[in-house]
Amino acid sequence: MPSSDHLRQPSEWARSTPVQVVLAFAFGAIVLVMAPVAISIYGFQHDRPGMGRYALAFAVLGALILWVGYETRLRKHTSTEVVRNHRSALEIPYSSRLHAGYGLLFGAIALVFVLATVDSVTTDGFGGAAVVFGAVVLIFASLPALMATGRLARGYLRLTPEGIYQRGWTFESFLRWSDLRTVIPKYTDCPRIVVVAEEDAPWQRRQITRLWRQDRLPKVRRADGNGLVPMLDIPGKFLAVDPTLVYHLVGYYLTNPAARPELASESAVQRARSGAFG
């Protein structure tokens, strides 16, 4: 059984998937996948290969959109086996499936516009349409390229004896335990774990990419308007494990300084997998 089953979920987080979300996915499956597949079959059967190709490509894009939507809205986090000790830290990775889904989706969009570029050149030569389509290819292909170079990474959270290091998809951030003051569960488009530090705390942070910032550093102004409040904003939809487990993990080590040295050992892994926060 996953260790998060017996942990109390914050009341701020929805406990079940809204019916309207399920209905939206069903409607999306019809409009984005089933209908284009039917149009594609019709096109190929009636000697209209262009219609068949593009409708089939649209169906593939629709399926990838649903995949990403499923990973961010419907996926149930179960396994804790991905939690591990990495370089004297407890590492909680982001979802590999969601990361791959984004890469495949943007890569597929780029390929569709490659097809459009080739068709345009074949029909009209190197005209304005071909240039526009080619530019769109470069834009959408840049996201898989950033993934390939590691600048847009899968991401992870590392709890070390000294503090919390967050490597988001497009940024990195670190705050020391001694500067953290509270952990707040919030819900916007997904469950979020917000770890707030003292306003004058040293905050190591860096926004790695400027293009395709699927996530970004939090920017909450201080009460006096001078600078930002140091904090970590951990989106549950990006995590590979149940955000409830991560919420309790962070809270446990924040309120139990004497337990932090174990974050450098396998003891923290066992605590995470067993959910022993009593």
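Visitor: In which sense do β3 and strand β4 pair, and over how many bridges?

Guide: This is a predicted model. In the model, β3 and strand β4 (residues 163-167) pair in the antiparallel sense. The pairing runs over 4 bridges.

Visitor: How many residues does the hairpin from β3 to β4 pass through?

Guide: The hairpin joins the two strands through 3 residues.

Visitor: Which strand does β2 join?

Guide: Strand β2 (residues 90-93) is joined to β3 by 4 bridges. These two strands run antiparallel. Look for Pro93, which stands opposite Tyr156 in β3.

Visitor: Which way do the residues of strand β3 point?

Guide: Follow residues 156-159. Tyr156 and Arg158 point one way, while Leu157 and Leu159 point the other way. All are buried.

Visitor: Let's turn to charge. What can side chains of opposite charge do?

Guide: They can pair when their charged atoms come close. A search of the whole structure finds 13 salt bridges.

Visitor: Which side chain does Glu81 meet in a salt bridge?

Guide: Glu81 meets the side chain of Arg273, at 3.6 Å from N to O. This pair links distant parts of the chain, 192 residues apart. Glu81 is in the loop between α2 (49-73) and β1 (84-85). Arg273 sits in helix α6 (residues 266-274).

Visitor: Which residues are linked in a network of salt bridges?

Guide: Asp189, Arg192, Asp233 and Lys237 are linked this way. Start at Asp189. Its side chain meets that of Arg192 in a salt bridge of 3.1 Å, N to O. The side chain of Lys237 also meets Asp189 in a salt bridge, at 2.6 Å from N to O. Lys237 and Asp189 link distant parts of the chain, 48 residues apart. Lys237 is in the loop between β9 (231-235) and α5 (243-255). Asp189 is in the loop between β6 (180-187) and β7 (191-197).

Visitor: Why do Arg192 and Lys237 count as buried?

Guide: Buried means under 20% relative accessible area. Arg192 is at 16%, so Arg192 counts as buried. Lys237 is at 16% too, so Lys237 counts as buried. Asp189 is at 29%, so Asp189 counts as partly exposed.

Visitor: Which buried residue has no salt bridge?

Guide: Arg167 is one of these, and Arg167 lies in strand β4. Arg167 is buried yet has no salt bridge. The nearest side chain of opposite charge is Glu172, 4.9 Å away. A salt bridge needs the two atoms within 4 Å.

Visitor: Which backbone oxygen lies 2.9 Å from a polar atom of the Arg167 side chain?

Guide: The backbone oxygen of Trp169 lies there.

Visitor: Now the surface. Which residues form a nonpolar patch?

Guide: Phe27, Ile30, Val31 and Met34 form a nonpolar patch on the surface. Together they have about 420 Å² of accessible area.

Visitor: Where is Met34 found, and is Met34 buried or exposed?

Guide: Met34 is found in helix α1 (residues 19-45). Met34 has a relative accessible area of 54%, so Met34 is exposed.

Note on methods
Residues are numbered from 1 along each chain as its sequence is written. This is a predicted model: local features need pLDDT of at least 70, side-chain atom pairs count only at pLDDT 80 or more; totals for chains, interfaces and linings use all residues. Side-chain values use heavy atoms; hydrogens and water are left out. Patches are made of residues with over 30% relative accessible area and no salt bridge: like charges are joined within 9 Å, nonpolar side chains (Val, Leu, Ile, Met, Phe, Trp, Tyr) within 5 Å. Accessible areas come from the Shrake-Rupley method with a 1.4 Å probe; for residues, only the protein chains shown count as cover. Buried means under 20% relative accessible area, exposed over 50%, partly exposed in between (1.4 Å probe, protein chains only). Two strands pair if DSSP finds at least two bridges between them. Lys and Arg count as positive and Asp and Glu as negative; His and the chain ends are not counted. A polar contact is a pair of N or O atoms within 3.5 Å; within protein, one must be able to donate a hydrogen and the other to accept it, and residues adjacent in sequence count only if both atoms are side-chain atoms.
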